[in-house]
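Dear colleague,

Please find below the structure for your review. My notes on what was found in it follow directly after.

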Amino acid sequence: MPSPREIIEKALQENRTKLLEHEALSLVEAYGVPVPGYGLAQTADEAVEIAEKIGYPVVLKIVSPDIVHKSDVGGVIVGLTTPDEVRKAFSEIINNVKKHVPDARITGILVQKMAPKGAIEVVVGAIRDPVFGPAIMFGLGGIFIEVFKDVSFRVVPFSEQDAEEMIKEVKAYKIIRGYRNIAPRDIDSLIKIIMAVQNLMKENPEINEMDLNPILSYEKGKGALAVDVRIILKK
Ligand SMILES: Nc1ncnc2c1ncn2[C@@H]1O[C@H](COP(=O)(O)OP(=O)(O)OP(=O)(O)O)[C@@H](O)[C@H]1O
Ligand SMILES: [Mg+2]
């Protein structure tokens with residue numbers, strides 16, 4: 001796998017401001033963010049090969065420099081359990097994308113291992129302000145962020161303790177610490193991810209913004225997995 005430097009420089013040389021799915025995953029992975037196993041397939045046969053290697057069930061996702069929201073164009077199919085299903089999903093995604101965005105360049109299809117059930121979806125984001133520098137955001141996925149704007153921010157640099165406070169100050173912390181049938185989440189793994197994103201923003205000034213959306217957060221002792229990473233570079 002190429003280093004974070006190599007990934008960023010290649011994208012800039014090719015005039016791409018959005019890193020491709022597999023590039024963004026490998027970049028956060030290099031900074032210690034846990035991600036499910038994955039590979040990039042050019043053909044349906046390759047997709048099956050990767051699925052066999054990483055293990056079923058898998059999810060297939062379109063990889064294109066021209067597509068931002070993969071789900072919106074039928075570019076994500078989850079829960080595939082057999083080679084046959086992988087082949088079918090491969091051509092279905094290609095067809096969906098050609099229908100919705102006829103001009104989109106298709107780099108390939110990401111084959112990613114399905115993360116286990118039992119997760120709560122959280123989001124860690126980062127922006128780089130021209131005056132204040134990078135700031136990191138934390139919140140619970142879906143309606144909590146979109147409807148309630150329930151998020152917390154810290155300007156870089158900050159400590160692990162600050163990262164913990166970020167998690168504790170969102171209203172949805174009531175869910176994270178355990179509520180009725182929801183077991184308490186693995187907060188240490190979320191702190192580690194927030195610190196990793198902070199380091200990424202510190203060490204790579206070319207990154208303008210990023211989003212780990214969603215991060216699947218499991219119960220205490222069981223960690224977290226980032227399944228979708230969006231990284232935008234400066235023009
Ligand atoms: N590896 C995985 N394991 C389990 N669930 C997954 C996995 N990858 C994706 N999902 C589920 O599918 C959803 C959509 O996938 P993803 O975030 O990669 O695509 P997207 O196009 O960015 O979606 P959106 O724009 O709606 O956020 C995720 O929010 C998550 O719920
Ligand atoms: Mg997403």
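The shell around ligand 1 takes at least three residues from domain 1 (4-113) and at least three from domain 2 (120-233). Please bear in mind that this is a predicted model. Lys70, Ser71, Ala115, Val227 and Asp228 come nearest among the 15 residues around ligand 1. Strand 2 (58-63), strand 3 (76-80) and strand 8 (207-217) are the elements that each give two or more residues to this shell. Sorted by class, the shell comprises 8 nonpolar, 4 polar and 3 charged residues.

As to the chain as a whole, it holds 8 helices and 10 strands. Its radius of gyration is 18 Å, which agrees with the value near 18 Å that a compact globule of 235 residues would have. Along the principal axes, the C-alpha atoms occupy a box of roughly 45 × 45 × 30 Å. Buried residues make up 36% of the 235 in the chain. Where contacts link residues at least 6 apart in sequence, 61% of them join residues at least 24 apart.

One helix deserves a separate remark. Helix 2 (residues 21-30) is mostly covered, with 7 of its 10 residues buried. The buried residues in helix 2 are Glu21, His22, Glu23, Ala24, Leu25, Leu27 and Val28. After helix 2 comes glycine 32, which has a positive phi, near 95°.

With kind regards

Definitions and conventions. Residues are numbered from 1 along each chain as its sequence is written. Chains are lettered from A and ligands numbered from 1 in the order in which they are written. This is a predicted model: local features need pLDDT of at least 70, side-chain atom pairs count only at pLDDT 80 or more; totals for chains, interfaces and linings use all residues. A residue is near a molecule or strand if its C-beta atom, placed from the backbone, lies within 6 Å of it. Helices (H or I, at least four residues) and strands (E, at least two) are DSSP runs, numbered from the N terminus. Ala, Val, Leu, Ile, Met, Phe, Trp, Tyr, Cys and Pro count as nonpolar, Asp, Glu, Lys and Arg as charged, and the others, Gly among them, as polar. Domain bounds come from an automatic or database domain assignment. The radius of gyration is taken over C-alpha atoms; the globule rule is 2.2 Å times the number of residues to the power 0.38. A residue is buried if 20 or more other C-beta atoms lie within 10 Å of its own, exposed if 12 or fewer, and partly exposed in between; C-beta atoms are placed from the backbone. Two residues are in contact if their C-beta atoms, placed from the backbone, lie within 7 Å.
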